[in-house]
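Me: I am new to this and would like to learn how to read a structure like this one. Could we go through it together?

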Amino acid sequence: MLSRVADSLYWMSRYLERAENTVRQLDVTMSLMLDTSDTSAEVRWQRMMASLGKPPGMEWNDDLDAMARMLVFDTLNHAAVTFCVNGARENARQVREEISSEQWARLNRLYHQMHSPHAQSQFRVNINDALASVVDGIHLFKGVSDTTMIHGQGWQFIRLGRYLERAYATATLLEVYQPDLFQPNEQDHSGYQYLELVGLLRCCTSFEAYCQVYTADISSEQILEFLLLNRDFPHAIRYTVDGMRDAIDSIQRSGGRRPPEELIAVIGRLQAMLGYTTIQEILAGDVAKFLHTIREQCMRIHELIYRYYVHYSIQSALAT
Amino acid sequence: MSAGLPVEMETLFGDYPLDQAFDEMRERGGDVRPHYKALAEMLAQLPEEELLRRKQSADLSFLTQGITFTVYGRDEGTERIFPYDLLPRLITAAEWDRIERGLTQRITALNMFLRDVYSDAKILNDRVIPRELVYSCKHYRRQMRGLQVPRNVYIAVVGSDLNTGEYVVLEDNLRVPSGVSYMLTNRRVMKRTFPQLFHSYGVRPIEHYPQLLLATLRSLAPEGRPEPNIVLLTPGVFNSAYFEHTYLARQMGIDLVEGRDLVTHDNIVYMRTTDGLKRVDVIYRRVDDDFSDPLIFRGDSILGCGGLFNAYRAGNVTVTNAFGTGLADDKAVYAYVPDMIRYYLGEDAILPNVKTFLLGDDKERKHVLANLDKLVVKAVGESGGYGMLIGPQSTARQREEFARQIEANPRNYIAQPTLDFSRAPCLIGNHLEPRHVDLRPYILFGDKVNIVPGGLTRVALEKGSLVVNSSQGGGSKDTWVLEE
């Protein structure tokens, strides 16, 4: 497929994944603020900002409603939901011929929903419903993508974008949260620590899935193990890295004149790191550094995707 | 009001005015034309709320499908829904037969003219068309002289604008005619809006247009490329017809490329894909000549692909429409189309022209300058309703301005009498009002001439306006060509 088209599909998918991540984190953070724990609203807000990549212009100003509205409706801030939806739609608009009409209609509806004159007032009335309907819109788009689009290269680039964005966002989230995860008051029975940990799981829509694996026995080690190393849960980093590998292999099989050796090597190393390490080994070492390495490798993968599929030199392509 | 109409229809029409202009639906006396009877009866019986409900549901369908166009020169809301009217425009089988024969004849002659002018120029040597008229045309492309074009087809995709009632050809669009996607999407929406009516009328299908277009493009592939890679070249997302480009590419299942996706190497055009470079064989070009190849045409353009023309000249890639076809839709050359038809085919034109004054001629210019308030003046190389003076609706200052421009560059303008454009009923608010319409059928020319029965009916939705161009507030209607 055309390099430019692959590029647009990849970013369309990344933007939507980012929008969903922002919505979920905002939802969780605001519901945690309802409880009167020791952690102040300001600390929570800043922690959320850190896990969203510290977008500029979002410093805490004591007006939670206004700030939440900004994080949803701002059109210039890179973490804002509307900005991401606009970005996804703009990319989709440039590849209208590649995506199905159903996908386009779905995304268009989400876009018009964000820009409707009623959106902000509905948001004031019921924030939770408003956020839930955005997530619904994104989920519907993903569902329609999987059922109406040919599962060729374009679809694989959509997966690639989704998994890369998710792996990076989850690693950032864990990196931001991990100093708080292992506090000495682990055995605290007031329930606040429990809420914090559940909040972290809900940021990755993984509370129910976690309970299926570990029962409702919530502990920091197990959360870290689940979100890092689980093989079967779509929001676990290991799953997303395996997904990237699978997407790259499919792209290679369907056309592939030039094997992306370096790209496969970087993903492979990351797979090995997540597949052949136990949580005890990770905890015995430097957790922060481990998470940071994952993020770095994600950025490297992004660069290599560009070098192999989008911005290659003409000479290198003619030689093969 | 006519006494012959039933009561419901009296209400429906209200004070629907009839005058000397041809009305598609009603005869001069007020009676509904036979083929419009079923439509009028349905409208008269449909409760007002139901009609408005259908209108809203059709609106929504256009919006969520993103059927929009881009308006130039405005900062905000540059993406608009293409306005349309809910009522179909009907064309009888007999009318269509004439249109089809007329256009086939006309396009055949125009293509022969292009072939002739860019090779032996016999028609100029025989002094049928003045030499200076052709060589002073800004769309004449010297680079095309002596170039062998695949199957001798210069104009594979054409959209000619017609006035019905009193049939005349208003203009030919031989460069990059647009609007066909609206013809196709209008039909889709209309079939859902008035399913029974559609069925009872027996309307000829148009939905196979993309397939015909693809077959046309395939038939023009370079020799020795049995499985040609066909692409549609778009200027990009900011072009007013971008929706159409994506629509056609998707319907044909071909890649939509931009100039930046293409590279040439050794006179072969490639596109950049995720699997490396892939050779391109046929380019359906929706980029104007000027912007197609910065090495040959405008050097400051980044929309095209450097080296494209040389690859084309070498016969390694087909580009269609060919370069330089704008010569034949120049509004001054237009005046000679009936002569071309006689010269090349030995026939009289089935569809006549509008009387056209050439301002390069001293006598005609004098006449036009004295009668500017009665005539329409058009710049010869413009399209989309730009560069136009409509005499009866103009101010004295506008006329002075045009007179000055005509004196300065007479070759650049032509004048025509104002035409009584045919009118068709439109749903305005909750009642019917007549609006000016024209008709743009789409003609495909590969192995042979192919015209899908229908076209884009463009409507001047503003009351009294004569301008139907979408960039100037025009809208459209679905066009139903009847089986009988």
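Reply: Here is a short tour, feature by feature.

Me: What should I know about the model and its numbering before starting?
Reply: This is a predicted model, where local features need pLDDT of at least 70, side-chain atom pairs count only at pLDDT 80 or more, and totals for chains, interfaces and linings use all residues. Residues are numbered from 1 along each chain as its sequence is written, while chains are lettered from A and ligands numbered from 1 in the order in which they are written.

Me: What pLDDT does chain B average?
Reply: pLDDT is the predictor's confidence in each residue, from 0 to 100. Chain B averages 89, and 95% of its residues score at least 70. For the complex, the predictor gives an ipTM of 0.80 and a pTM of 0.84.

Me: Which domains does chain A have?
Reply: Domain bounds come from an automatic or database domain assignment. For chain A it gives domain 1 (1–148) and domain 2 (150–320), with C-alpha centres 21 Å apart. Their contact takes 25 residues from domain 1 of chain A and 22 residues from domain 2 of chain A. On the domain 1 side, helix 1 and helix 2 (41–51) of chain A each supply at least two residues, and helix 1 of chain A gives the most, with 16 residues. Helices (H or I, at least four residues) and strands (E, at least two) are DSSP runs, numbered from the N terminus.

Me: And where are the domains of chain B?
Reply: The assignment gives domain 1 (7–93 + 184–203 + 420–481), domain 2 (223–316) and domain 3 (357–417) of chain B. Taken over C-alpha atoms, the centres of domain 1 of chain B and domain 2 of chain B are separated by 35 Å.

Me: How many residues of chain A are in contact with chain B?
Reply: 25 residues of chain A are in contact with 22 residues of chain B. On the chain A side, helix 1 (3–32), helix 5 (101–115) and helix 16 (314–319) each supply at least two residues. Helix 5 of chain A provides the largest share, 5 residues. By class, this side of chain A has 10 nonpolar, 8 polar and 7 charged residues. Ala, Val, Leu, Ile, Met, Phe, Trp, Tyr, Cys and Pro count as nonpolar, Asp, Glu, Lys and Arg as charged, and the others, Gly among them, as polar.

Me: How do I read the packing of two helices?
Reply: Two packed helices are described by the angle between their axes and the distance between the axes. Helix 5 of chain A and helix 7 (residues 127–148) of chain A pack at about 170°, with their axes 9 Å apart. Axes are lines fitted to C-alpha atoms, for helices over the stretch in contact, and angles run from 0 to 180 degrees between N-to-C directions. These two helices of chain A are therefore roughly antiparallel to each other (under 35 degrees counts as roughly parallel, over 145 as roughly antiparallel, 65 to 115 as roughly perpendicular and the rest as oblique). Among the residues that meet are A:R106 and A:L110 in helix 5 of chain A, and A:F141 and A:V144 in helix 7 of chain A. Their contact has 6 nonpolar, 5 polar and 3 charged residues.

Me: In what order do the strands of the sheets in chain B come?
Reply: Two strands pair if DSSP finds at least two bridges between them. One open sheet of chain B has 3 strands in the order 8-9-10, with antiparallel pairing. Its edge strands, each pairing on one side only, are strand 8 (262–265) and strand 10 (276–279) of chain B. Strand 8 of chain B is joined to strand 9 (residues 268–273) of chain B by 4 bridges, and B:T264 stands opposite B:V269. Another open sheet, of 4 strands, has the order 13-16-14-15 in chain B and is also antiparallel in its pairing.

Me: Which peptide bond is cis?
Reply: Most residues other than glycine have a negative phi, and most peptide bonds are trans. The bond from B:T320 to B:N321 is cis, with omega near 0°. B:A121, which is not a glycine, has a positive phi of about 55°.

Terms used. Contact = placed C-beta atoms within 7 Å.
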